[in-house]
Amino acid sequence: MPKVYNSIIVFAPIEQVWSRIRDFHDFSWAPSVITSCEKVGDGDGRSVGAKRRLNGALLDTLIAYSAIDRRMMYSLDEGPSPLSSREIRDYVGNLHLLPITADNTTFAEWSGMWESENTDAVEYMNGVYRSLLADLAAGFGAKR
């Protein structure tokens, strides 16, 4: 089972960071990676079952959401190679925030795992998650 994991420190209180990312349908905070985020179907960006299409190519479904835990999990339902449904199955992404109480900053972690006979998507997804987290931190003053 291929897996990826990336994390970053965001120099802002967790409430501010969660406020920026809590809407599954809003990726305006990640301009270097996401050029479009289209809501698909019914449901708001905080309801399990919400769907989005990213960059006109990736279709995701929100499968778990907790404002208390500051976590959202989603499935990747379809995408271009190396993320197509012919190449990977059962993709689960997990975006989670934790408070760093010593200095009132935020630890953001993003992981993904899926079933596949190969690991072609590992390098690709590591790059995506690193860039997404860098955009998030940059939105709070970190240098990109």
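Two strands are taken to pair if DSSP finds at least two bridges between them, and the elements themselves are DSSP runs numbered from the N terminus, with helices (H or I) of at least four residues and strands (E) of at least two. The structure is a predicted model, in which local features need pLDDT of at least 70 and side-chain atom pairs count only at pLDDT 80 or more, whereas totals for chains, interfaces and linings use all residues. Residues are numbered from 1 along each chain as its sequence is written, and side-chain values use heavy atoms, with hydrogens and water left out.

Strand 4 and strand 5 pair in the antiparallel sense over seven bridges, and Asp 60 stands opposite Leu 76 in strand 5. Four residues lie between the strands of this hairpin, where Arg 70 takes a positive phi near 50 degrees. Strand 5 also pairs with strand 6 (residues 89-100), in the antiparallel sense and over six bridges, with His 96 in strand 6 as the bridge partner of Arg 71. Strand 6 in turn pairs with strand 7 in the antiparallel sense over 10 bridges, and Pro 99 stands opposite Thr 106 in strand 7. The hairpin of strand 6 and strand 7 has four residues between the strands, and Asn 104 takes a positive phi near 60 degrees there. Strand 7 is joined by strand 1 as well, the two pairing in the antiparallel sense over eight bridges, with Ile 9 opposite Phe 107.

In helix 1 (residues 14-21), Ile 14, Val 17, Trp 18 and Ile 21 are buried, that is, under 20% relative accessible area with a 1.4 Å probe and protein chains only. These residues lie on the same side of helix 1 because they cover an arc of only 95 degrees around the axis, the arc being that of the directions from the helix axis to the C-beta atoms. The buried residues of helix 1 pack against strand 1 (3-10), strand 4, strand 5, strand 6, strand 7 (105-115) and helix 2, contact meaning heavy atoms within 4.5 Å.

The largest pocket holds about 180 Å³ of space; a pocket is an open set of points on a 1 Å grid over the protein atoms alone, where a 1.4 Å probe fits, with protein on both sides within 12 Å along at least five of seven lines, and lining residues have an atom within 4 Å of a point. Of the 18 lining residues, Leu 54, Leu 58, Asp 60, Met 125 and Val 128 are the closest to the centre of the largest pocket. Helix 2 supplies the largest share of the lining, five residues.

Notes
Grid points are joined across faces, edges and corners, and a volume is the space filled by probe spheres set on the points. Buried means under 20% relative accessible area, exposed over 50%, partly exposed in between (1.4 Å probe, protein chains only).
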